[in-house]
Amino acid sequence: MGWMANAPGLPDFDAPCVARLSQLSFQTLPVGSVLFRPGESVKGFVIVLSGQIDVFLTGPSGRDIQLYVVQPGQSCIQSTLGLLGGEDYSGEAITRTDCKVVLVPRDMFLDMMNLSSEFRTFVFSAFAARMQSMMHLLEKIAFQRVECRLAQAMVERSENNTLYATHAEIAVMIGSAREVVSRRLEALAKRGIVSLDRGVVHIIDMGTLEQLARANE
């Protein structure tokens, strides 16, 4: 089975599907690799074996928002939409870490969607899960205060009470502007909840930060 024996999140496909997928080879992509950009045509369906891929959308003003993250067992909604609907990419995908991926070419993807119920179920289940996460993102941006989104991002993404990210990167995570994030972080620092270094946020009062993250629930 080759790479399929160590592919997290893949179901038990039927024998013909396994035979076709096993013919493909995985690619190793270093951190910072660009998988696609807006306006490019979709070449295939990406299966992530290891690592993490961030997908962004850039507005007319040049401001970015992180749409979602693709990890092993998850799908890229932009690729699925492009393969099924024929649309070009509207976002940009960049590897956050070193990644191993398998690209299922467009023709093979469409053939297996027609012929394999197991593969079709896998694609649509992953698509549905991704759509649900996109709805949560839309809900947060539309209805959740910036302070709550900022606190939630720091709670979820910090390691050992430390978040290694610039103000601009945090702004992309929560769908806000860098200037807004900087002001909110400075306000939190004055309250003794965090302390700030260049490219690093140290969480001092995790309990209060968690309360802020839950304030809109």
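**Exercise 1. Ser176**

In this predicted model, find which residues Ser176 is in contact with, leaving aside neighbours within four places in sequence. Then decide whether Ser176 is buried or exposed.

*Solution.* 
Step 1. Ser176 sits in the loop that joins helix 6 to helix 7 (178–190).
Step 2. List the partners. With neighbours within four places in sequence left aside, Ser176 is in contact with Arg63, Val146, Arg149, Ala171 and Val181.
Step 3. Read the accessibility. The relative accessible area of Ser176 is 7%. Buried means under 20%, so Ser176 is buried.

**Exercise 2. The nonpolar cores**

State how many residues the largest nonpolar core has, and which of them have the most contacts inside it. Then work out what Val104 is in contact with.

*Solution.* 
Step 1. Size the core. The largest nonpolar core has 41 residues. Those with the most contacts inside it are Trp3, Phe13, Leu21, Val104 and Phe119.
Step 2. Assign the elements. Two or more residues of this core come from each of helix 1 (15–22), strand 3 (44–50), strand 4 (53–58), strand 5 (64–70), helix 2 (77–85), strand 7 (99–105), helix 3 (106–115) and helix 4 (117–143).
Step 3. Take Val104. Leaving aside neighbours within four places in sequence, Val104 is in contact with Leu21, Leu24, Lys43, Gly44, Phe45, Ile47, Phe109 and Met112.

**Exercise 3. The largest pocket**

Give the volume of the largest pocket. Identify the element that gives the most to its lining.

*Solution.* 
Step 1. Volume: about 560 Å³ for the largest pocket.
Step 2. Lining. There are 21 residues, and the closest to the pocket centre are Gln66, Val69, Lys140, Glu156 and Arg157.
Step 3. Elements. Strand 5, helix 4, helix 5 (146–157) and helix 6 (167–174) give two or more residues each. Helix 4 gives the most, with 6 residues.
Step 4. Composition of this lining: 8 nonpolar, 7 polar and 6 charged residues.

**Exercise 4. The second largest pocket**

Describe the second largest pocket by volume, and by how its lining divides into nonpolar, polar and charged residues.

*Solution.* 
Step 1. Volume: about 430 Å³ for the second largest pocket.
Step 2. Lining. Of 17 residues, Arg96, Arg157, Tyr164, Ala165 and Met173 are the closest to the centre of this pocket.
Step 3. Elements. Strand 4, strand 6 (92–95), helix 5, strand 8 (162–164) and helix 6 each supply at least two lining residues.
Step 4. Composition of this lining: 7 nonpolar, 4 polar and 6 charged residues.

Conventions
Residues numbered from 1 in each chain as written. Predicted model: local features only at pLDDT ≥ 70, side-chain atom pairs only at ≥ 80, totals over all residues. Heavy atoms only, no water. Core = buried A, V, L, I, M, F, W, Y, C linked by side-chain atoms within 4.5 Å. Buried < 20%, exposed > 50% of the residue type's maximum accessible area, 1.4 Å probe, protein only. Helix = DSSP H or I, 4+ residues; strand = E, 2+ residues; numbered from the N terminus. Contact = heavy atoms within 4.5 Å. 1 Å grid on protein atoms, 1.4 Å probe; cavity = no way out; pocket = protein on both sides within 12 Å on 5 of 7 lines; lining within 4 Å. Points joined across faces, edges and corners; volume = space filled by probe spheres on them. Nonpolar A, V, L, I, M, F, W, Y, C, P; charged D, E, K, R; others polar.
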